Amino acid sequence: MTVETKIWEDRIISQFDDNLIIYFQFPSWETDSDYEISIKIYWKKDSEYYYNPGNITFFKPCKIHHTFPNGITIKGTLELKKFIGIDSNHTHGVFADFYYYISEKENYIWHTEGFLISFLLGKEKIIIIDIPDTTDNENTGIPIVNSPTTANGYSDLFPYIYASGWPTINEIQEEINFFTYTVPETDPPISSTFINELIDLKKAGDRTGMQEAAISFIETNPDYVKSVALINNHIRLFLPLYNDYKKHRKFTEAILIIPSFLDDSIENITSYLKSYDYLIEKEHLWESYFALVIEMGYQNHNLKEIIQTLTFCNFIETIFNNLDAEKSIILLDEIVLKNLFEATIILYKDIFPLPPYEPLSSETTSITPYAIGNLQLVKYKLLRHELGEIASITSIMPGEKRKLINRKLDRIINKEVTKTSSTSTSITKSQEQNNDFNEELWNAIAETTETTTYPDPGLVSSYGPPTNITIKGSFTKSYTTQTPDKKQIASFAKKVLSKTTQRLTERINKVRAHTELKEKEDTAISYLDNSKSNEPAYGVYSWLNKIYQAKVINYGNRMLFRFIIPNPASSFIQQTETLGGIDLEEPKSLTDFNITKYEDVTVDNYLELCQFYNLKKFPLYPQEPIIVSDVLTLSQSKLISLPHGYWASKASIDYAFGAGEAEATVTGFIGQNTFTLNRSEGLTNTISFPNLNNEQNTISIGVVYSPTIEMTTTSSELNFQMSVEVTCNPSSQTILAWQIEVYQALYEAYTLEITHYNEKINPTLQKKEIVNPLTERLLVKLELEKSIKKQLLENALAVNGLSSSLINTTSNPSMQYNQPEDLQYIATTLEWNEMSYSFLDEYDNQSNLFAVSSLSPEYFSAFLKASYACVVIPVTPAFNYSFLYYLKTGIVWSIQDDLCPCFDDSSENSPDQLSVIYELKKTFHHNYQKEETIDTWEVLVPTSMQILQNKLKL
């Protein structure tokens with residue numbers, strides 16, 4: 001391997017008489033995972049002072065943040081990307097995006113963005129793999145149609161996971177599997193100014209101050225460890241010792257290997273591990289480690305070496321503290337030594353986790369590990385077709401000549417169509433749908449994985465007006481979560497497929513026996529001529545079966561996380577409405593408006609309800625009040641008609657006497673109320689009757705007069721007149737009848753809307769040929785994936801005290817949040833294809849009255865209606881520790897996963913990180929677990945197709 005050099009030069013502004021130089025060194029060929037480019041940055045007039053931000057790799061951008069002696073600060077990133085040139089064969093290049101500042105508090109003076117250099121990464125290695133022919137067809141003379149086209153012939157059928165919970169770690173297990181920073185006890189005492197500064201800044205909540213202190217320590221403090229190889233004494237040899245142990249893993253021989261490697265005696269090594277020189281060097285390692293963790297991305301290679309050296313420090317200290325009296329035997333067994341060698345750093349509580357940039361406005365949603373699951377995957381491939389049972393036999397005697405006519409007449413009710421054709425011979429339904437097997441499979445899994453029991457007396461329903469249904473009772477659901485052996489795992493898969501084929505057999509048998517009515521008549525005529533033969537002849541028709549080969553593959557263990565997503569379909573519904581004009585939001589029911597009975601419809605709410613349900617015709621609320629009036633004179637009585645459905649509530653009388661001074665008295669009645677009028681009290685007046693007797697239909701009124709009334713000579717009839725006004729209100733029966741009529745109209749409108757809605761979202765209510773269930777599943781998974789990614793981004797922002805409004809922003813000059821990096825990490829970390837989910841109508845869902853899993857055929861309509869989605873998704877084993885770190889800090893851990901630190905949060909979370917990581921250590925003994933085939937078997941699936949045998953014998 002050769003090393004190539006390239007130099008990039010930039011002049012920022014003409015007034016500044018100096019150029020920025022970036023010096024690149026890169027190998028001519030290595031694999032992507034090992035490819036690194038080293039960098040030096042300096043100014044042309046001051047080439048002796050250079051800045052080394054670390055190496056660039058394919059998996060992690062290199063962050064730049066440095067102030068040079070000339071006062072210019074550069075801040076940004078360098079990233080290794082694929083390069084496409086017009087006139088070049090170069091395949092990769094270094095892409096820059098950084099800013100120049102004179103003062104970081106002011107705006108930048110220059111911005112550089114684009115490819116700085118490009119180069120040709122060595123020729124790709126081409127690996128040719130001979131794939132054996134796995135098709136195992138029996139010679140039945142029946143070709144395979146539509147066989148799988150995957151590389152090995154197998155297609156994924158369904159995954160399933162056996163999950164187990166988290167135990168709690170004890171003190172001994174914690175001491176063996178974890179270690180942390182402790183203040184050294186020496187004479188004179190070692191005082192770390194940098195660590196004390198970080199502790200004070202953490203107490204003050206100054207995140208920015210801690211980052212600036214870390215950068216200053218890395219760039220200016222002589223105590224910073226630039227390379228482990230530059231440390232004095234034995235500790236500089238701990239890194240090669242670590243690498244040797246990692247390769248050979250001879251832990252029990254440590255008492256022989258370590259003294260030999262260090263070329264020193266056991267007594268001297270024991271004394272050295274307690275010496276002031278060793279402790280001060282280890283303190284510098286811890287200081288450097290804290291600084292690099294705070295500014296993640298700086299000098300990743302150096303951080304990796306420091307972690308490995310600190311781990312070996314803990315390993316060797318524990319060994320030399322557990323020797324026998326002769327110091328010749330280690331008092332720890334091999335398993336304990338292995339766990340010590342693989343121990344995880346617990347970040348110092350007084351410094352980590354870093355405080356948020358701004359105080360948290362609200363409590364963040366905790367995302368915690370759900371369980372450890374054993375992931376199984378059932379795969380299948382089509383092996384062959386086989387003849388099944390006999391469908392029919394046609395026999396002809398010797399010398400016989402027969403004419404067979406098969407006729408079918410299909411009619412529609414109230415319509416008769418007669419049509420004859422000679423294109424068909426059979427009336428049985430023979431069209432096979434490709435998704436029958438998969439549909440029955442999901443139904444079988446849903447039944448197998450969940451058990452429902454109803455206690456005595458079970459569910460009791462009662463009906464009571466108006467159109468109310470009350471369901472009382474309860475039921476429970478039980479799930480099997482015990483850890484199975486291999487036989488049980490394969491048994492589960494076989495049970496599911498067995499139930500599927502049974503259901504499919506039943507369906508096919510029904511298809512075979514069912515004749516479907518259509519608007520046509522089909523007639524088939526067959527001539528069978530055996531008149532010239534002395535032997536009987538016959539034809540045998542058999543059903544055709546498909547033979548599949550299924551197998552269970554154990555993909556190993558996975559750490560599972562559970563996410564609760566509110567309103568999972570809200571984004572999809574909004575996008576559908578925007579792009580296609582299709583409303584997929586579930587119509588509001590009357591109960592959403594607190595309308596549960598007729599009486600809940602009132603004059604205050606009925607107009608809003610009628611408008612919401614788009615009612616064009618509806619009854620108006622009865623007018624109240626209605627006033628009926630009439631005029632009476634002396635010696636007159638009447639029956640005043642009242643409006644239908646109304647009752648008289650009150651009345652008033654206005655009267656007038658003729659001129660004169662003689663005594664005049666008029667008496668009368670209205671309903672059951674009487675009155676007396678005197679002219680002495682005034683010629684005109686008004687009297688009221690506030691409480692009538694609720695008369696309906698009519699009310700009577702009459703007037704009589706006293707003989708002492710003086711009559712005028714012209715017209716005695718005009719000497720007294722009276723007008724009556726009766727106030728009528730609608731009766732309770734009228735109001736109730738109006739409420740019933742409006743309620744029925746609203747209910748019919750809602751029923752019509754919910755029917756249309758269910759037809760849109762429920763594939764079982766539509767024609768199957770226009771529904772692609774795989775497309776619907778993909779839509780659901782994509783929406784849930786987007787929601788999970790959003791939750792993780794919101795969590796990363798929240799733990800850092802940043803606003804969720806930064807999501808999807810186009811720029812972030814503060815460099816506090818890098819969304820593309822986070823999204824790339826999330827997409828790589830989680831195994832999205834193994835995601836399982838269920839839909840709930842409430843968060844807790846204790847009653848389970850509405851809980852639809854991803855295996856149910858009604859999952860898509862449940863997705864649109866659900867209030868919550870519960871999603872369980874596994875983490876790729878190579879990112880177990882770093883994903884826990886990301887959830888706690890919102891920062892992507894950019895180096896080796898098993899070197900990722902953790903937090904002692906036992907007082908905050910359950911389960912705590914130490915217990916989770918300890919269980920991961922026990923479960924994942926190796927970084928990569930080999931796939932294992934547990935069992936293989938054949939599955940027979942019947943079809944509705946028939947075939948004429950070519951054999952002469954049964």
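Visitor: Before anything else, what counts as a contact here?
Guide: Contact means heavy atoms within 4.5 Å of each other.

Visitor: And with that, what share of the chain's contacts with a separation of 6 or more comes from residues 24 or more positions apart?
Guide: The share is 75%. Keep in mind that this is a predicted model.

Visitor: How many helices and strands does the chain have?
Guide: The chain has 19 helices and 32 strands.

Visitor: What percentage of the residues count as buried?
Guide: The figure is 45% of the chain's 954 residues.

Visitor: Let's look at some helices. At what angle do helix 2 and helix 3 cross?
Guide: Helix 2, residues 193-203, and helix 3, residues 207-220, cross at roughly 165°. Their axes come within 9 Å.

Visitor: Why is that pair called roughly antiparallel?
Guide: Angles over 145 degrees count as roughly antiparallel, and therefore helix 2 is roughly antiparallel to helix 3. The crossing itself is right-handed.

Visitor: Which residues meet there?
Guide: Helix 2 brings Phe194, Glu197, Leu198, Leu201 and Lys202. On the side of helix 3 there are Gly209, Met210, Ala213, Ala214 and Phe217. By type, the residues of this contact are seven nonpolar, one polar and two charged.

Visitor: Next pair: how do helix 4 and helix 5 pack?
Guide: Helix 4 (residues 238-248) and helix 5 (residues 254-262) pack at about 140°, and their axes are 11 Å apart. Helix 4 and helix 5 are therefore oblique to each other. Their crossing is right-handed.

Visitor: Which residues make that contact?
Guide: From helix 4 there are Phe238, Pro240, Leu241, Asp244 and Tyr245. Helix 5 supplies Ala254, Ile257, Ile258, Phe261 and Leu262. The contact of helix 4 with helix 5 has nine nonpolar residues, no polar ones and one charged.

Visitor: What sits in the loop between those two helices?
Guide: Arginine 249 has its place in the loop between helix 4 and helix 5. Its phi is near 55°, a positive value in a residue other than glycine.

Visitor: How accessible is arginine 249?
Guide: Arginine 249 has a relative accessible area of 31%, so it is partly exposed.

Visitor: Is glutamine 299 buried or exposed?
Guide: Buried means under 20% relative accessible area. Glutamine 299 is at 18%, so it counts as buried.

Visitor: What follows helix 18?
Guide: Glycine 890 follows, with a positive phi near 75°.

Visitor: Different topic. Which peptide bonds are cis?
Guide: One of them runs from phenylalanine 352 to proline 353, with omega near -5°. Another joins glutamate 624 and proline 625, where omega is about -10°.

Visitor: Where are proline 353 and proline 625?
Guide: Proline 353 lies in the loop between strand 12 (344-346) and strand 13 (369-396). Proline 625 is in the loop between helix 13 (606-612) and strand 21 (626-633).

Visitor: Last one, a strand residue. Where is isoleucine 699?
Guide: Isoleucine 699 lies in strand 27, residues 698-705. With 1% relative accessibility, it counts as buried.

Visitor: What is isoleucine 699 in contact with, leaving aside neighbours within four places in sequence?
Guide: Its contacts include Lys638, Leu639, Ile640, Ala648, Ile670 and Val726.

Visitor: And how far is isoleucine 699 from tryptophan 647?
Guide: Isoleucine 699 and tryptophan 647 are 52 residues apart in sequence, and their C-alpha atoms are 9.6 Å apart in space.

Conventions: Residues numbered from 1 in each chain as written. Predicted model: local features only at pLDDT ≥ 70, side-chain atom pairs only at ≥ 80, totals over all residues. Heavy atoms only, no water. Axes fitted to C-alpha atoms, helices over the stretch in contact; angles between N-to-C directions. Helix = DSSP H or I, 4+ residues; strand = E, 2+ residues; numbered from the N terminus. Parallel < 35°, antiparallel > 145°, perpendicular 65-115°, else oblique. Left-handed = near helix turned anticlockwise from the far one by under 90°. Nonpolar A, V, L, I, M, F, W, Y, C, P; charged D, E, K, R; others polar. Buried < 20%, exposed > 50% of the residue type's maximum accessible area, 1.4 Å probe, protein only.
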